[in-house]
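Colleague: I have a model open and want to learn how to read its features. Take me through them one at a time, please.

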Amino acid sequence: MKIQSIIYLIAGTFVLTGVTLGHFVDERWLLLAAFVGLNLFQTAFTGFCPLERILLKLGVGQAGDSCGTATR
């Protein structure tokens with residue numbers, strides 16, 4: 001699995017978790033979904049993805065499969 005697909009999977013999971021918890025537990029959980037959305041927004045413009053760096057340090061994927069360079 002490419003690192004870009006892993007990033008999309010994790011981001012989608014965090015957004016769905018934040019929205020679900022925001023609906024059933026406390027509306028402040030919606031801030032989690034907003035944070036992930038803002039992170040994806042800044043990644044689209046800067047090409048810098050913090051989750052990519054974390055995954056690479058954990059040994060997941062390769063440096064050439066990044067979310068910042070795969071779409072350029």
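Colleague: Which side chains meet in a salt bridge?

Modeller: Side chains of opposite charge can pair when their charged atoms come close. The cut-off is a side-chain nitrogen of Lys or Arg within 4 Å of a carboxyl oxygen of Asp or Glu. Here Arg 28 and Asp 26 meet that way, at 2.7 Å from N to O. A search of the whole structure finds one salt bridge.

Colleague: What should I know about the source?

Modeller: This is a predicted model, where local features need pLDDT of at least 70 and side-chain atom pairs count only at pLDDT 80 or more, while totals for chains, interfaces and linings use all residues. Residues are numbered from 1 along each chain as its sequence is written, and side-chain values use heavy atoms, without hydrogens and water.

Colleague: How confident is the predictor?

Modeller: pLDDT gives its confidence in each residue, from 0 to 100. The chain averages 89, and 86% of the residues score at least 70.

Colleague: What does the side chain of Thr 43 reach?

Modeller: Think polar contact: a pair of N or O atoms within 3.5 Å; within protein, one must be able to donate a hydrogen and the other to accept it, and residues adjacent in sequence count only if both atoms are side-chain atoms. The Thr 43 side chain reaches the backbone oxygen of Asn 39 at 2.8 Å. Thr 43 counts as buried, because its relative accessibility is 12%. Another such contact, 2.7 Å, joins the side chains of Tyr 8 and Gln 4.

Colleague: How much space lies in the largest pocket?

Modeller: Rolling a probe the size of a water molecule over the atoms shows where empty space is left. A pocket is an open set of points on a 1 Å grid over the protein atoms alone, where a 1.4 Å probe fits, with protein on both sides within 12 Å along at least five of seven lines; lining residues have an atom within 4 Å of a point. The largest one holds about 230 Å³.

Colleague: Which residues lie nearest its centre?

Modeller: Of 14 lining residues, those are Ile 10, Phe 35, Val 36, Asn 39 and Leu 51.

Technical notes. Grid points are joined across faces, edges and corners, and a volume is the space filled by probe spheres set on the points. pLDDT is the predictor's confidence in each residue, from 0 to 100. Buried means under 20% relative accessible area, exposed over 50%, partly exposed in between (1.4 Å probe, protein chains only).
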